[in-house]
Amino acid sequence: MASTKILSHTTTTATAIASSITHQSLYLSSKLPFTTTFPTFTHNRPTTKLHVSSPPNKPPLTTTTTTTNTSSTKKPKEETIFFDGGAHYGDLIANLVLGFTLLWLPLTLAAVSRAFSLRYRFTNLRVTVISGLTGQDRSDFPYNVIKDVQVVPRFIGEWGDIVITLKDGTKVDLRSVPRFREIAKYCLSMADKPVVLKETGNKGF
């Protein structure tokens, strides 16, 4: 009977001690900070380092802008007309009057042909001779091929012929030209020749 009491007392005491220890453990754990430890993964990937450098004393990059001056661009020379017309009307009238004679008839027909099918044009760039009823025949040559210019007065000097000699020896005979002296001087000046007319004597009509 006595041993049963002692065992019961011992069990009660052990239970009290265990309860006290548990209580103290809970109290201490509440006082400690809560920490969470995560697993650490280690990567064995190699590390590449980039080194960027610029050479010393490098001149700064400059951009050059080219501006085109359209006003300085050479434009093609504009052609202007100095004279544009046919044979002098006096040549036709004089030859029609004299055409009543059979001997003069061929010259009269030539004058009629010149009046209706021949045209002269002098510009600052070239000399043009247009012939034919529809103007299908045309000859052009620049002034720089002119070698010599001569004039032949007709009638009383109201009209005349202009004989232009080219550098290749070709002779261009312009018949019954109005203002023939003025036009001949213009041709010489445009050809950079001395403006000295070589004029022969009057040769009639």
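**View 1. The largest nonpolar core of this predicted model.** The model is predicted. Its largest nonpolar core has 24 residues. Those with the most contacts inside the core are F122, I146, I162, I164 and L174. Several elements, β2, β3, β5 (146–154), β6, β7 and α4, each supply at least two core residues. Which element gives the largest share of this core? The answer is α4, with six residues.

**View 2. I162 and its neighbours.** I162 is one of the core residues with the most contacts.

**View 3. A tilted pair of rings, F83 and F122.** A search of the whole structure finds four aromatic pairs. F83 and F122 form one of these, and the pair is tilted. The ring centres lie 6.3 Å apart, with 50° between the planes. The pair links distant parts of the chain. F83 sits in strand β1 and F122 in strand β2, 39 residues apart.

**View 4. A stacked pair of rings, F155 and W159.** The rings of F155 and W159 are stacked. Their centres are 5.3 Å apart, and the angle between the planes is 10°. A cut-off settles the name: planes under 30 degrees apart count as stacked, so this pair qualifies. F155 is partly exposed, with a relative accessible area of 36%. W159 is buried, at 3%.

**View 5. A cluster of three rings.** Ring pairs join F82, Y143 and Y186 into a cluster.

**View 6. The salt bridge between E79 and R126.** The whole structure holds ten salt bridges. In one of them, the side chains of E79 and R126 meet at 3.2 Å, N to O. This pair links distant parts of the chain, 47 residues apart. E79 lies in the loop between α1 (2–31) and β1 (81–86). R126 lies in strand β3 (residues 126–131). Both ends are partly exposed: E79 has a relative accessible area of 36%, and R126 has 30%.

View 7. R119 forms a salt bridge with D84. Their closest N and O atoms are 3.0 Å apart. R119 is in strand β2 (residues 118–123) and D84 in strand β1, 35 residues apart. How accessible are the two partners? R119 is partly exposed at 37% relative accessibility. D84 is also partly exposed, at 30%. Which residues make up the network here? D84, R119 and R121 are linked in a network of salt bridges.

**View 8. The salt bridge between R138 and D140.** The side chains of R138 and D140 meet at 2.9 Å, N to O. R138 counts as partly exposed, at 48% relative accessibility. D140 is partly exposed as well, at 36%.

**View 9. Helix α2 and its buried residues.** Helix α2 covers residues 89–98. G90, D91, L92, A94 and N95 are buried in this helix. The buried residues of α2 pack against α3 (105–117), β6 (159–166) and β7 (171–178).

**View 10. Helix α3 and its buried residues.** Helix α3 has 13 residues. From first C-alpha to last, α3 reaches 18 Å, close to the 18 Å expected at 1.5 Å a residue. T108, A111, R114 and S117 are buried in α3. An α-helix has 3.6 residues a turn, so residues three or four places apart point the same way. The buried residues of α3 pack against α2, β2, β3 and β7.

**View 11. Residues 92–112, a span named in a record.** An unreviewed UniProt entry lists residues 92–112 as "transmembrane region". In the model, the end C-alpha atoms of this span lie 6 Å apart. The span is 71% helix and 0% strand.

View 12. Most residues other than glycine have a negative phi. S176 has a positive phi, near 55°. S176 is found in strand β7 and is buried, with a relative accessible area of 1%. D192 is not a glycine, yet its phi is positive, about 60°. D192 is placed in the loop between α4 (180–190) and β8 (198–199). D192 counts as exposed, at 71% relative accessibility.

Conventions
Residues are numbered from 1 along each chain as its sequence is written. This is a predicted model: local features need pLDDT of at least 70, side-chain atom pairs count only at pLDDT 80 or more; totals for chains, interfaces and linings use all residues. Side-chain values use heavy atoms; hydrogens and water are left out. A salt bridge is a side-chain nitrogen of Lys or Arg within 4 Å of a carboxyl oxygen of Asp or Glu. Helices (H or I, at least four residues) and strands (E, at least two) are DSSP runs, numbered from the N terminus. Buried means under 20% relative accessible area, exposed over 50%, partly exposed in between (1.4 Å probe, protein chains only). Contact means heavy atoms within 4.5 Å. The expected span of a helix is 1.5 Å times one less than its number of residues. UniProt positions are given in the numbering used here, feature names are shortened, and annotations may be inferred rather than shown by experiment. A nonpolar core is a set of buried Ala, Val, Leu, Ile, Met, Phe, Trp, Tyr and Cys residues joined through side-chain atoms within 4.5 Å. Rings of Phe, Tyr and Trp (its six-membered ring) pair if their centres lie within 6.5 Å; planes under 30 degrees apart count as stacked, over 60 as edge-to-face and the rest as tilted.
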